[in-house]
Amino acid sequence: MEVVLTVFALLFLLFVALGAYATVKAVGAAKRGVDRTLAQARRTVEDHTLRAKSFAQLGPAGEIAQLRLALRTSMRATQDALHAGAAEDESLKESLGLFERLSAHGHELDADLKRLESEPDRATLTARLPELRGRTERITKSADSLRWAVRDRARRFADDDLGTLSAQIDIEADALRHWTRAEPGQAPPPWPDAPATADGQAAEQTWPKAPGTRAAEEPAPEAIAPPSWRPTAPWQKKPRPESTT
């Protein structure tokens, strides 16, 4: 009895532990989903704000908003392309490492631009703009180059796979239509050699004739004539049997 109770107690504790683990995992997944949704909503709102500032504000402040918007758009597009390609192509891991290093410079530049948005000194902004513009162009150019290289690689793989698939389909289609496929270049079978005679010389080769050849060369046999009437002699008549009476 004590063994049975111990087993039930252990099973109860095991179920409680599994339930707690599943609950923690579910809460963690839900929290990550909420954080991801909030971060995406925050980025969307900030992008719309930057776009509005780039059109509404003039001078250095508007240009800084344009630089931030161009930087964020390029880096986000490259990040999405790399993560999508790395799921199918393991050789992009090195490209992901390079992009992480580039992202560090991009986040640093974005932080500098964000601080300068509230800078009241327009002369300072004007003096810093060429250097900020150059950094932005270098980072976005590297990100765009990496993104287009990933896309070209994916398109090349797709074209190669499509070409191989088309060739296999053509071969299968020809195999399915085997009755219409001609065999070019096939030589006719050779004629048989003439049999050798006893003295080692080749005998004259004869070939089977067509069914109508013999009838054309040889005369047809005469038909059997019907028997004609001939007179019978008296002695050829069959004698009658003599009567026994």
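No aromatic pairs are found in this predicted model, the count coming to zero under a rule that pairs rings of Phe, Tyr and Trp (its six-membered ring) if their centres lie within 6.5 Å. The model is predicted, and local features need pLDDT of at least 70, side-chain atom pairs count only at pLDDT 80 or more, and totals for chains, interfaces and linings use all residues. Residues are numbered from 1 along each chain as its sequence is written, and side-chain values use heavy atoms, with hydrogens and water left out.

**A charge over a ring**
- Arg-151 lies over the face of Trp-148, at 5.0 Å from the ring centre, where such a placement requires NZ of Lys or CZ of Arg to be within 6 Å of the ring centre and within 35 degrees of the ring normal.

**H2 with H3**
- Helix H2 covers residues 60–86 and helix H3 covers residues 93–117, helices being DSSP runs (H or I, at least four residues) numbered from the N terminus.
- These two helices pack at an angle of about 160° with their axes 10 Å apart, the axes being lines fitted to C-alpha atoms over the stretch in contact and the angles running from 0 to 180 degrees between N-to-C directions.
- Because of that angle, H2 is roughly antiparallel to H3, a label for angles over 145 degrees, just as those under 35 count as roughly parallel.
- H2 passes H3 in a left-handed crossing, meaning that the near helix is turned anticlockwise from the far one by less than a right angle.
- Among the residues that meet are Leu-71 and Met-75 in H2 and Phe-99 and Leu-102 in H3, contact meaning heavy atoms within 4.5 Å.
- By class, this contact of H2 with H3 has 13 nonpolar, six polar and five charged residues, with Ala, Val, Leu, Ile, Met, Phe, Trp, Tyr, Cys and Pro counted as nonpolar, Asp, Glu, Lys and Arg as charged, and the others, Gly among them, as polar.

**H3 with H4**
- H3 and helix H4 (residues 122–176) pack at an angle of about 155°, with their axes 10 Å apart, which means that H3 is roughly antiparallel to H4.
- The crossing of H3 and H4 is left-handed, and the contact includes Phe-99 and Leu-102 of H3 together with Leu-132 and Ile-139 of H4.
- The contact of H3 with H4 divides into ten nonpolar, five polar and four charged residues.

**H2 with H4**
- H2 and H4 pack at an angle of about 20°, with their axes 9 Å apart, so H2 is roughly parallel to H4.
- H2 passes H4 in a left-handed crossing, and the residues of their contact divide into 16 nonpolar, five polar and six charged.

Note on methods:
Angles under 35 degrees count as roughly parallel, over 145 as roughly antiparallel, 65 to 115 as roughly perpendicular and the rest as oblique. Rings of Phe, Tyr and Trp (its six-membered ring) pair if their centres lie within 6.5 Å; planes under 30 degrees apart count as stacked, over 60 as edge-to-face and the rest as tilted.
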